[in-house]
Amino acid sequence: MTHRLPAKLMFWLVVYCLCILLSSTEVLAGAPISAPYFSYTYDYWANLVPAPPAYLPDKVYDGRVLGVGQLNTPSDIFVAPDRTVYLADTGNNRIICMDPDYKVTRVITEFSDGSTVHKFSRPEGLFVTDEGELYVADTENGRVVVLDRDGSFLRIIGPPVETDDTEGLLPDNFVYRPRKIVVTPSRHMYVIARDIYDGLLKFNAAGEFAGYIGAPRVSPSLWDIFWSKVATQEQRERRALFLPIEFANIDLDYKGLIMAVEQGPVDKESIKRLNQSGLDVLIRAGFYPPMGDMLDTETSQSVFIDIAAREAGMYTVLDRQYGRVFTYDSLGNLLYAFGGLGDIAGLFRQPVAVDTSGPDILVLDSAGAFTVFKPTEYGRLIYIAIMLYNEGRYDESAQVWKQVLRFNANYDMAYSGIGRALLRQGDYVGAMTNYKLGQNRTGYSDAFSLYREQLIQEKGGQFMTILIVLLLVLYGFSRTKAFASIKQLWVARSSAAPSYADHLLPDRESSPSKRTPAQRFAQWARETGRALVYSFHLLVHPGEGFWELKYEKKGTLSAAFVILLLVVFTVVFQRQYTGFIFNTSNLERINLLMEALSVLVPFLLWCAVNWALTTLMEGKGTFGEIVIASAYALVPLILIFIPLTIISNFLRLEESAFWGLGILFGLAWTAIMLFVGTMVTHEYSVIKTAGTSLMIIAGIAVVLFIGLLFSTVINHMIVFIIGLYSELMFR
């Protein structure tokens with residue numbers, strides 16, 4: 001039986017579908033469009049955090065709306081200092097000029113050099129100087145054409161020609177095809193040319209070739225490097241050369257530095273800010289380097305295609321792979337991200353270029369249109385806050401950041417902005433609070449350093465006075481007869497007088513079966529306590545201590561379990577209460593069970609693999625002795641990590657070396673204790689113990705691999721059974 005929709009409902013459904021299909025063209029000159037994409041940022045741990053849209057698509061302009069006919073694979077868009085817009089319509093071999101309201105004022109298809117008329121051939125790049133001169137990368141003609149603001153011809157800069165200073169820099173049979181260009185205030189021109197891997201071609205003010213700058217690094221994989229070492233000469237010749245990565249696009253920032261993005265999947269250095277010497281001076285002080293999407297570097301890796309330098313050191317980059325637009329501040333903090341791929345207004349099919357007109361963002365789609373995005377109130381406030389801070393108006397900037405938090409209470413940049421303002425006002429506690437909310441450890445350290453200095457200046461004298469008086473009182477009391485009597489009484493009681501537990505215990509000759517539960521517990525507590533106290537002797541005399549653990553039974557399994565529980569407590573305590581500056585854990589996601597397993601599982605694996613291997617290698621230790629020795633070897637972790645965790649709350653970032661040295665010392669001490677414990681327990685030599693330890697570590701890796709493989713197989717079996725059951729039930 002089939003069901004038909006009512007005719008009226010069918011009619012309105014068809015009308016709705018037609019509206020959706022025509023939305024990319026019919027709303028071109030209409031009102032702003034709602035966001036068809038998901039906006040977000042990333043937190044300190046690279047987790048995606050939803051955010052209000054910072055930008056909304058305002059209008060989409062194609063050739064029909066502009067009145068110039070269909071655009072054919074446009075490849076560049078540039079906004080001049082006077083906000084005139086230039087578009088390189090590459091497939092139609094023309095340059096389209098528009099006023100700030102995107103009304104076409106001129107279409108340049110040719111220019112005359114005296115009596116000769118020239119035409120463009122697939123121009124791919126544009127740049128406009130402060131004086132209004134238009135530089136066009138006439139790609140297939142192998143030249144750069146310079147026009148004035150009226151489109152009149154000024155000059156042609158042809159292919160690079162080697163001089164005595166640049167001899168040998170150009171490759172053999174080089175065909176010059178310029179793609180992108182920038183011109184500095186000093187009239188130096190930098191060009192991205194196709195099939196050039198040595199960086200940007202530099203031309204001086206006279207248009208003469210002056211070499212390269214900013215050569216991207218070669219990035220062969222470890223496998224490529226290994227293969228190049230073992231392959232024969234013939235095999236090497238057949239393999240592809242390790243060519244450096246090409247630049248994809250460039251722009252000029254407000255300081256005259258070159259902003260550039262590399263082709264291919266992004267990495268930590270795909271975005272560069274090059275000075276005149278070609279050195280990368282980009283600041284990467286954010287939570288993570290500016291790399292676009294951070295979700296999954298294997299399946300969601302961005303591919304940058306263009307970059308637009310903005311005011312106050314900000315910059316916007318365009319992701320060709322997923323059609324997203326990312327904007328960063330001068331320190332490399334992600335401000336917002338938006339956009340995506342699709343066929344409706346506000347999304348792109350093949351994004352190729354991005355530029356800005358004041359706070360507006362323009363994105364060019366090679367499918368034949370460009371979209372103008374305007375900031376929302378949320379995006380406008382972010383822009384204003386950054387501009388105010390850049391102008392030194394810190395208090396006003398903090399007030400604007402507070403308004404940003406009304407839109408997005410999870411916006412880390414806003415808390416850091418407020419923290420910076422409070423720091424300059426001398427409110428160090430308030431600054432520390434906001435820096436902590438914004439996960440800004442560098443700012444927190446600066447505020448804490450000043451706060452600690454303030455406390456020392458205000459309270460240091462009082463603290464030292466109280467400490468000195470207390471020490472003098474204790475010293476004076478230690479010289480009195482009362483202290484001597486107390487000391488004598490304590491020594492006599494500890495050596496001769498029975499403890500409370502001793503009163504609960506029967507004579508040694510009495511049968512254990514006649515003891516009460518309280519007496520048995522008291523006996524257990526006393527033996528465990530003595531075994532725990534013995535661990536301190538073992539720390540300074542490991543050789544003798546582990547020998548007595550095994551042969552004189554100075555250690556017990558109960559004490560070993562107590563030590564293991566204390567290690568678990570130490571790890572949890574360290575993870576939870578390490579000072580904010582040094583604690584990079586997400587405290588909201590700490591799982592106590594997983595923290596406990598992170599100690600217990602490696603410990604049990606060490607003991608099990610240790611026993612399994614040493615049984616085959618003439619080891620003298622039983623499984624119980626291995627457990628006791630291994631547990632006692634972990635005592636340094638307790639004694640070192642707990643005090644370090646407390647101390648970490650009073651250190652600043654510059655003092656992290658002391659904290660790291662303490663952690664390293666605790667781990668090294670523990671490793672030495674494990675080594676000595678293994679050696680004494682199994683009566684091995686030093687060399688045999690070293691070999692056995694390496695084999696134990698390898699054995700643990702094998703066990704983990706087999707466990708992972710087994711769990712994967714079980715998981716696939718469960719999925720198969722569930723799928724089979726579903727098929728049988730629903731067929």
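The legends below describe several close-up views of one predicted model.

Residues are numbered from 1 along each chain as its sequence is written. Because the model is predicted, local features need pLDDT of at least 70 and side-chain atom pairs count only at pLDDT 80 or more, whereas totals for chains, interfaces and linings use all residues; side-chain values use heavy atoms, with hydrogens and water left out.

**View 1. The chain as a whole contains 19 helices and 27 strands.**
Helices (H or I, at least four residues) and strands (E, at least two) are DSSP runs, numbered from the N terminus. Of the 731 residues in the chain, 44% are buried; buried means under 20% relative accessible area, exposed over 50%, and partly exposed in between (1.4 Å probe, protein chains only). Among the contacts with a separation of 6 or more, 54% join residues 24 or more positions apart, where contact means heavy atoms within 4.5 Å.

**View 2. Asp-365 is a buried residue in strand E26.**
Strand E26 covers residues 360-365. Asp-365 has a relative accessibility of 8% and therefore counts as buried. Leaving aside neighbours within four places in sequence, Asp-365 is in contact with Pro-74, Phe-348, Arg-349, Gln-350, Pro-351, Val-352 and Phe-370. The side chain of Asp-365 reaches the backbone nitrogen of Arg-349 at 2.6 Å. This is a polar contact, defined as a pair of N or O atoms within 3.5 Å; within protein, one must be able to donate a hydrogen and the other to accept it, and residues adjacent in sequence count only if both atoms are side-chain atoms. Ala-353 is 12 residues from Asp-365 in sequence, and their C-alpha atoms are 7.3 Å apart in space.

**View 3. Strands E18, E19 and E20 form an open sheet, in that order.**
The pairing in this sheet of 3 strands is antiparallel; two strands pair if DSSP finds at least two bridges between them. Strand E18 (247-252) and strand E20 (271-274) stand at the edges with a single partner strand each, so one side of each is left without a neighbour in the sheet. Neighbouring strands of this sheet are turned by 20° against each other on average, direction ignored. The angles are taken between axes, which are lines fitted to C-alpha atoms (for helices over the stretch in contact), and run from 0 to 180 degrees between N-to-C directions. Strand E19 (residues 258-262) pairs with E20 in the antiparallel sense over 4 bridges. Ile-258 stands opposite Leu-274 in E20.

**View 4. Strand E11 is joined by bridges to E10 and to E12.**
In strand E11 (residues 134-138), 5 of the 5 residues are buried, so this strand is largely enclosed by the rest of the structure. Both faces are covered, with Leu-134, Val-136 and Asp-138 on one side and Tyr-135 and Ala-137 on the other. Strand E10 (residues 125-128) runs antiparallel to E11 and is joined to it by 4 bridges; Gly-125 stands opposite Ala-137 in E11. The hairpin of E10 and E11 has 5 residues between the strands, and Gly-132 in the turn has a positive phi of about 90°. Strand E12 (residues 143-147) also runs antiparallel to E11, with 5 bridges joining them, and Tyr-135 stands opposite Val-146 in E12. The hairpin of E11 and E12 has 4 residues between the strands, and Gly-142 takes a positive phi near 65°.

**View 5. Aromatic rings form pairs and a cluster.**
A pair of aromatic rings is described by the distance of the centres and the angle of the planes. Rings of Phe, Tyr and Trp (its six-membered ring) pair if their centres lie within 6.5 Å; planes under 30 degrees apart count as stacked, over 60 as edge-to-face and the rest as tilted. By this rule the count comes to 33 aromatic pairs. Phe-174 and Tyr-176 form a tilted pair, 6.2 Å centre to centre with 50° between the planes. Phe-174 is partly exposed at 22% relative accessible area, whereas Tyr-176 is buried at 6%. Phe-582 and Trp-659 form a stacked pair, 4.9 Å centre to centre with 25° between the planes. Phe-582 lies in the loop between helix H14 (557-577) and helix H15 (592-616), and Trp-659 lies in helix H18 (residues 656-682), so the pair ties together parts that are 77 residues apart in sequence. One aromatic cluster is formed by Tyr-37, Tyr-55, Tyr-336, Phe-338, Phe-348 and Phe-373.
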